[in-house]
Protein chains: 2
Amino acid sequence: MARRAGGREARRAARAAPLAEAAKPVRPGHSGGQYRPLSDEGVAAVVDNAFRILEQVGFADATPHCIETCTAAGAVLGDDGRLRMPRGLVEKTLQQARRNLTLYARDTRYDIDLSGAKVHFSTAGAAVQCADPENNLYRESTAQDLYDMARIADTCEHIHMFQRTCVPRDIVDNCELDINTLYCCLMGTSKHVGSSWTLPEHLEMSFEMLHRIAGGEDAWRARPFVSQSNCFVVPPMKFATDAMECLRVAVQGGMPVLLLSAGQAGATGPAFLAGTVSQAWAECLGGLVYVNVIEPGAPAILGAWPFVSDLRTGAMSGGSPEQGLLSAACAQVGNYLDLPFGTACGMSDAKFPDFQAGAERASTVLSAALSGANIVYESAGMYASLLSVCPESLLLDNDVLSGIGRAVRGIEVNPRTLSFDEINQVCVGGEGHYLGSSNTLQVMQSEYVYPALSDRNSPNVWEETGKPVHLEQAIAKKREILAGPAPRHISDELDAQLRAEFPIFLSREDMGL
Amino acid sequence: MARRAGGREARRAARAAPLAEAAKPVRPGHSGGQYRPLSDEGVAAVVDNAFRILEQVGFADATPHCIETCTAAGAVLGDDGRLRMPRGLVEKTLQQARRNLTLYARDTRYDIDLSGAKVHFSTAGAAVQCADPENNLYRESTAQDLYDMARIADTCEHIHMFQRTCVPRDIVDNCELDINTLYCCLMGTSKHVGSSWTLPEHLEMSFEMLHRIAGGEDAWRARPFVSQSNCFVVPPMKFATDAMECLRVAVQGGMPVLLLSAGQAGATGPAFLAGTVSQAWAECLGGLVYVNVIEPGAPAILGAWPFVSDLRTGAMSGGSPEQGLLSAACAQVGNYLDLPFGTACGMSDAKFPDFQAGAERASTVLSAALSGANIVYESAGMYASLLSVCPESLLLDNDVLSGIGRAVRGIEVNPRTLSFDEINQVCVGGEGHYLGSSNTLQVMQSEYVYPALSDRNSPNVWEETGKPVHLEQAIAKKREILAGPAPRHISDELDAQLRAEFPIFLSREDMGL
């Protein structure tokens, strides 16, 4: 008994020591692709279908700049006003397109490498409500919520970038909204930030802020630390005018763009999943043509984000199993084309972090991650099919994402891990168990991930500790983070300059500064 | 607007009509294998390692019958008392072993076909506590709990067989325990039943009951509707004497056996996942050798169920991501060897159906299912790392399993589903959306699954309906099922005979009869 207790103490001590980065069981960018929802023939048929859609169906509502530049490159404007893209043009685009894209962060430790099938997790969303589990209510989301969530995500190891999660409904003016959305994100986290803009002029003003923060335009262009999530298309196959202009300004300003096609199967996409995947990819490739016509090799993430309609009501169902399938299939196509790819998964239909939410979040994110999506957007925080966001959930989701990261990392098979010698030694005249084995002590931290908030206690310990409730622990942790010192990702001096030049909504006091 | 509302009405009406079995979006036995956690070389290395373990390490504590029959077939008993199985013997076993196994149910609609990578979901477990979410407490599990859970599972479309979930702690005598466990399962459901036995004499008595229920031994042997979950091995690589005798009696009596290796990585298996997968498969193959020596081609399910230890405490962690990886890798090996295969996933470390539970259940079951496990045992109901079972959770889990079934079914790609003509027609001069498309109406039920209890309402409807709580709806549904008429899977007349011959614990009144 003493001997076993000694082994347990040694394990506890080993566990308490800080982990070297390389020894961590889960790191950003493990490679997916072990899950292939489509057959090889299926992928090829979908890609071929996308080519055909671009060539024969084309896009309505192209902007004058898009028409002028794309037709010069080989696109064809039909008498029906649709801009069609012949296969040759799309194939040329695929040759030009930027690969091995890195999304930079102000803190270089958070740079994320989107090459190959490397998988990362991001928030995202345009929630208009904040889910408040403490008071069992939904209320309009605010700028303070957004800043708070950026701060929380900044502490979450497995949320690798922070894309705007909610619309600050307390800001009326659209320009101020865009500026403050960006500002709140950048104040809260030094990870890569994603945001959206409603009009190109707002983006131009934002560039001034970004150059100021970067220390000049050259420094910004060398390491752009903000990307633009851009819904350039209104599915099916219709360009969105303002978004196309925002896209153009972003590309010209050196900002990476997420080319976002967000159709809904059965409503703005075909009801058949294979059709919706095809249309989403056709739309994204059309956006990629335009980006590469503006600037060959400009940084772009293909964002085939087809959503699911619950066809009984027409409402979106973000937590449906079909969502996991759609996103995973889109990711598989992204790997096939070897393009930087992001999709959306993790959106729950539940209203709060409950059993349904956990199941929907984990199963859909796992699908997209194992299939090798470079970024799984919406993978933390989202409820009510994107209508709401729950700040506390970011902390719960961080545990879920750590587990999914571990799944993506997979199982290393080599003579050491196969453990034949260890098995032989333990069984034949050995101790008959592996508890004290040197391998066990050495790999307990590199082979296994330990969640921060999940409960692994025995029923006895659970009872003795007052039957703790998982969600309440997340609430307490959120309070602890927000009561702590505010981050200084932007110096007080620079913040004073920004406040002098831009219409900043939250006071320094609001922000805990 | 009127037109859209008409479309909605049509969709509602279509949804309300009963679905033909073949049109259902999720059916039992969709084929997995789209997820392959191991590379091809990895699988081959693991299998080779298992052969080597069987040949060089072998098993301790073989029974006299096992030693006699296996050495006659080519196994070697060493001076150290270990029974070693040369590669040739194991390869011969793989040739003899039963493939394309069907597990029969008393209701033939519930027969399950374990050929190829066809996936099914089952309960399982030996919980000693019942998690009671109504009263936020854990208490000892009883025979009534087991019967009630069999009844609930009987109503769950996506739970394809019912294996004993808990130990009736209110039955003291081990023989009565085994008999009543079997009886409670068979009274509650007409699906295939799995159970366990502590001693071979109890199994022999149970066969008398089974013959009686089947209408004679021949009828039982023609369609054995109960399988035995048998922990024939105490990992690492040591046979369990009583279980080996139960195994022998089962095989001789025509009962399919689940050859269950339930080691714990880092404790009774190597800490490296690849090592634990190898050891588990070596153990299962050793059991398969014995089964086929007793009777070539006897029905057996390979049950490589390696569990995970939380190495900080040594306690099992059923909800860990490593559990999903281990089970999925074991299933991949099962497909590679083309053997009927079952593993365990879905076990949560949480104490009740909460966010953590949903995430752990869904992510681990999805992993095992997508990798093609023929049966995912433990996929419903289990909490506290198998120490407890929650009856209400079966109903929540049924929704999770329906979604996972949909994921396994995957995406069909063919000219119709690629939807090119539909996309072309809708976009070019068409309505610009797919809501009224004939495809949408036709496939809304075959392409999409609609959960029974999950909440997909908008926040407004959710508020208007009093903010329903998911778990409370499961509690209400459980009460409704148990308050309804008791099933008559066994006629009153036959039950009277059984009660005359066997020590039945629950009264007919207890059982609602």
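**Figure 1. Strands S9 and S10 of chain A pair side by side.** Two strands pair if DSSP finds at least two bridges between them. Helices (H or I, at least four residues) and strands (E, at least two) are DSSP runs, numbered from the N terminus. Strand S9 (residues 192-195) of chain A and strand S10 (residues 226-230) of chain A run parallel, joined by 3 bridges. Opposite A:Ser227 in S10(A) stands A:Gly194.

This is a predicted model, where local features need pLDDT of at least 70, side-chain atom pairs count only at pLDDT 80 or more, and totals for chains, interfaces and linings use all residues. Residues are numbered from 1 along each chain as its sequence is written, while chains are lettered from A and ligands numbered from 1 in the order in which they are written.

**Figure 2. An open sheet of 5 strands in chain A.** The strand order is S8-S9-S10-S11-S13, and the pairing is parallel. Which strands lie at the edges? They are strand S8 (161-163) and strand S13 (300-304) of chain A, each of which pairs on one side only. From one strand to the next, the twist averages 20°. For such angles, axes are lines fitted to C-alpha atoms, for helices over the stretch in contact, and angles run from 0 to 180 degrees between N-to-C directions.

**Figure 3. Strand S9 of chain B is buried on both sides.** A residue is buried if 20 or more other C-beta atoms lie within 10 Å of its own, exposed if 12 or fewer, and partly exposed in between; the C-beta atoms are placed from the backbone. From strand S9 (residues 192-195) of chain B, B:His192 and B:Gly194 point one way. B:Val193 and B:Ser195 point the other way, and all are buried. Strand S8 (residues 161-163) of chain B pairs with S9(B) in the parallel sense, over 3 bridges. There, B:Met161 has B:His192 as its bridge partner in S9(B).

**Figure 4. Strand S14 of chain A and its pairing partners.** Both faces of strand S14 (residues 307-310) of chain A are covered. A:Phe307 and A:Ser309 lie on one side, A:Val308 and A:Asp310 on the other, and all are buried. Strand S12 (residues 264-265) of chain A pairs with S14(A) in the parallel sense over 2 bridges. A:Phe307 in S14(A) is the bridge partner of A:Gln264. Strand S15 (residues 315-316) of chain A runs antiparallel to S14(A), again with 2 bridges. A:Ala315 in S15(A) is the bridge partner of A:Asp310. S14(A) and S15(A) form a hairpin with 4 residues between them. In the turn, A:Gly314 has a positive phi of about 85°.

Figure 5. A:Pro236 sits in the loop between S10 and helix H9 (241-252) of chain A. B:Pro236 is in the loop between strand S10 (226-230) and helix H9 (241-252) of chain B.

**Figure 6. Asn100 has a positive phi in chains A and B.** Phi of A:Asn100 is near 50°, a positive value in a residue other than glycine. A:Asn100 belongs to the loop between helix H4 (87-96) and strand S3 (102-103) of chain A. Is A:Asn100 buried or exposed? A:Asn100 counts as exposed, because it has 11 C-beta neighbours inside 10 Å. B:Asn100 is not a glycine either, and its phi is positive, about 50°. The loop that holds B:Asn100 lies between helix H4 (87-96) and strand S3 (102-103) of chain B. B:Asn100 is exposed, with 11 other C-beta atoms within 10 Å.

**Figure 7. Where chain B meets chain A.** Two residues are in contact if their C-beta atoms, placed from the backbone, lie within 7 Å. In contact are 108 residues of chain B and 107 residues of chain A. Helix H12 (residues 355-370) of chain B gives the most to the side of chain B that touches chain A, with 11 residues. That side has 53 nonpolar, 33 polar and 22 charged residues. Ala, Val, Leu, Ile, Met, Phe, Trp, Tyr, Cys and Pro count as nonpolar, Asp, Glu, Lys and Arg as charged, and the others, Gly among them, as polar. Of the interface residues of chain B, 99% are also interface residues in chain A, so the copies meet through the same surface.
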